[in-house]
Amino acid sequence: MSAQPETSNTPPSSRSAADPLADPLARVVGGATAKVMATHLDLRTVGDLLHHYPRRYAERGELTRLSDLPVDEHATVVAEVADTRILTFNRGRGQRLEVTLTDGSGRLQLVFFGRGAHHHKRELLPGRRGLFSGKVSLFNRRLQLAHPSYQLLGTTGEDAGSEADAVAAFTSRLIPLYPACRQMESWKIAKAVDTVLASLEADGWAGVRDPLPPRLRADHDLPPLPEALRRVHRPAGRKEVEAARRRLKWDEAFVLQVALARRRYADARLPAVPRRPAPDGLLTAFDAKLPFTLTEGQCRVGEEIFADLAADHPMHRLLQGEVGSGKTLVALRAMLGVVDGGGQAALLAPTEVLAQQHHRSIVEMMGELAEGGLLGGAEQGTRVTLLTGSMGAAARRRALLETVTGEAGLVIGTHALIEDRVRFHDLGLVVVDEQHRFGVRQRDALRSRAEHPPHLLVMTATPIPRTVAMTVFGDLETSVLDQLPEGRSPIVTHVVPAEDKPHFLRRAWERVREEVAAGRQAYVVCPRIGDGPGEDAGAGGAGATAGTKGAGAKDADPPAPGDTAAAEGTGSGADDGSGDRRPPLAVLDVARSLAAGPLAGLRIAELHGRMAPDAKDEVMRRFSAGELDVLVATTVIEVGVNVPNATVMAIMDADRFGVSQLHQLRGRVGRGEHPGLCLLVTDLPEAVPARARLEAVASTRDGFELSRIDLEQRREGDVLGQAQSGGRSSLRMLAVIEDEDIIIEARREAAELVERDPELTRTPALRTALDALLDAEREEFLERG
């Protein structure tokens, strides 16, 4: 059932003596195998293959837990045949072989169609074990592999002798199971790895460069790189696997932390203008206007920020915290302090809706302090200017003029702020809202608008576990707001299984009507817009289940002049495994259905990214003013939108969103004196993993705990890798949640090394590894937040 990879005719002496890991795979495993690996697994060099680590290991006779299979992903399992049966259909003209596998924890069905069914039936006898590989699907609520590849591991009795040679390699050793695909099964990858290892060992691993300095390896008891690669692919036992994995995790953690340490080192040596609030100035006047007392956390974080702003090198700080913890107020006080110190502050928001919301709320909070130079404005006041790509020519000219003359102390905008034509009088602080929507280049482009490097404050409404912050935002100091202001009401979350219990959904709409009858308002959130280009069947898109035949769930603000547009609806997608599931629910369809059905008579409006900016702003103004009862929207409302009278949110197809995104969405309710209610509507059965995600969201309001769950349930590359550019993850072994000790030690070691040798002249192998990490394709790796 498997094919031996082709061997190369290229003699070892003609291969790359400088760096054998950089050799093309075709030189070692042959052109045909190399082409399949490059096309379907993005493995192109010897190093790529050796860093394509086994996903897990099976032992001879060990049965993998079928209950843990990832639905809608390619998987390889070790299991035992329980029974087989041939079925006929189409009046006897068609045949189907069904084979049931078991491991004691669950069952998996194999399906074969056509004339070959009898051949497979003769091989797949009850009691036989094998490696089975294919894409896991859900059919009639049962896990299934259709036409899988397989390799039998041997039996007892008469057949054992004929298969003895085939299974000898597996006896008394671990079987590596690799991330694979239909075109290249795990055991074929294993044979290619054998060929590569034999080639390198024949040359004594000559030329292979170890990125970890010898002293570091000795201090932390880490094996050399060749030994680690051999052990991870061909271990003699579990202890060898553990030692190899620890060494390879150090490679990833250390190289990444060196990159971040060099960025911190360079930034700390840039000159900056200290910005100190003036006594009895704008900040003092603003604080006196506040109708509430700052929380301890807001005071503490404010002190950290003002201490950084007073330094003669640029601040680089990440401000994160729970939904509704008051991050925007902390950032605004920092901006006012910079204006006090004679500079300007710019707030960069990911969408026009959020930029307009920030502008409106900041002007309201500042009152006459936002009318500097105008009749009736306060003496200490300044001007707050909005700049977006879709503004009219006259308004845009006025905003640009107020920015370049310094008349506007606060400038709020979208990507339009990054345009070359935008000039500041004296930019002293850049505040970036929602870091995960922006890349390093974008935030640096805005900082380049200043004559002197400005201070930088990055905000994120998505709570981030400490190790993730150290790994992704390692070039930033971190401040955490973990205390909610007084007056924030609790939010209760319930899962609404619309398919299993339709009366739950009817009750959900009754609750919406009850809240509206009490004078309050509601959100209904949908994964996509509907009736748009690219939303026809098969469009796919972020937020849609992989393999869904319906429309995608990606909803983006259309790029206006000067804006590059930021995506809405970038949910992580559901792992329901259904290949024939209906399209995700759409705003336009749901709004019509609600208006004609369960919410008839209520004032309902739509909000989504294809609307003109003025229309979106008008809808939000009416909703904020209480002129609308229900807002049916995409995730354009995910962050920053503040309507204290909104108390209930129904999230349709909630399984199509990620854990952290659901937490952000529900943070839009319960922002006033009344409790919030969030209803997670899904039609998925209870047994699928996506339902477990929803139950996790419903069970806790701790955003840091949810972000940990979110990261544990998703591949690392989705968070830290190259998903945006389509490349492979920079982290293939390191698990940022589990490997805190390695990350902390690697950060310390990297800082010490960069302080001694910032150009890495004494560690050329490390410099080579760093250059590979930061090549043109991966230069944006720091942005994955």
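This is a predicted model: local features need pLDDT of at least 70, side-chain atom pairs count only at pLDDT 80 or more; totals for chains, interfaces and linings use all residues.
Strand S10 (residues 344–348) and strand S12 (residues 408–413) run parallel and are joined by 4 bridges.

- An open sheet is formed by 7 strands in the order S11-S12-S10-S13-S14-S9-S15, and the pairing within it is parallel.
- Strand S11 (383–387) and strand S15 (477–481) are at the edges, and because each has a single partner strand, one side of each is left without a neighbour in the sheet.
- On average, neighbouring strands of this sheet are turned by 20 degrees against each other, direction ignored.

**Helices H11 and H12**

- Helix H11 lies across strand S9 (316–321), strand S13 (427–433), strand S14 (455–460) and S15, and it runs at about 160 degrees to S15.
- Helix H12 also packs on the sheet, where it touches S9, S10, S12, S13, S14 and S15, and its direction makes about 170 degrees with that of S13.
- Two packed helices are described by the angle between their axes and the distance between the axes.
- For H11 (residues 296–309) and H12 (residues 327–340), the packing angle is about 35 degrees and the axes are 10 Å apart, while the crossing is right-handed.
- On the H11 side the contact is made by Gln-298, Val-301, Ile-305, Phe-306 and Leu-309, and on the H12 side by Leu-329, Val-330, Arg-333, Ala-334, Gly-337 and Val-338.
- Sorted by class, the residues of this contact are 8 nonpolar, 2 polar and 1 charged.
- Glu-296 is found in helix H11, and it counts as exposed because its relative accessible area is 65%, where exposed means over 50%.
- The C-alpha atoms of Glu-296 and Gln-483 are separated by 7.9 Å, although the two residues are 187 residues apart along the chain.

**The sheet of six strands**

- A further open sheet is formed by 6 strands in the order S16-S23-S22-S17-S21-S20, with parallel pairing.
- Its edges are strand S16 (491–497) and strand S20 (604–607), each of which has a single partner strand, so one side of each is left without a neighbour in the sheet.
- From one strand to the next, the twist averages 20 degrees.
- S16 pairs with strand S23 (residues 676–682) in the parallel sense over 7 bridges, and Ile-491 stands opposite Gly-676 in S23.
- Helix H21 (residues 689–699) lies across S16 and S23 and runs at about 155 degrees to S16.
- In helix H18 (residues 587–596), the buried residues are Val-587, Leu-588, Val-590, Ala-591 and Leu-594, and they lie on the same side of H18 because they cover an arc of only 165 degrees around the axis.
- These buried residues of H18 pack against helix H17 (502–517), strand S17 (521–525), S20 and strand S21 (630–633).

**Two loop residues with positive phi**

- Most residues other than glycine have a negative phi.
- Asp-221, in the loop between helix H7 (214–219) and helix H8 (225–233), has a positive phi near 55 degrees, and it counts as exposed at 69% relative accessibility.
- Asp-653, in the loop between strand S22 (646–651) and helix H20 (659–666), has a positive phi near 50 degrees, but this residue is buried, with a relative accessible area of 2%.

Note on methods:
Residues are numbered from 1 along each chain as its sequence is written. Side-chain values use heavy atoms; hydrogens and water are left out. Axes are lines fitted to C-alpha atoms, for helices over the stretch in contact, and angles run from 0 to 180 degrees between N-to-C directions. A crossing is left-handed if the near helix is turned anticlockwise from the far one by less than a right angle, and right-handed if clockwise. Contact means heavy atoms within 4.5 Å. Ala, Val, Leu, Ile, Met, Phe, Trp, Tyr, Cys and Pro count as nonpolar, Asp, Glu, Lys and Arg as charged, and the others, Gly among them, as polar. Buried means under 20% relative accessible area, exposed over 50%, partly exposed in between (1.4 Å probe, protein chains only). Two strands pair if DSSP finds at least two bridges between them. The arc is that of the directions from the helix axis to the C-beta atoms.
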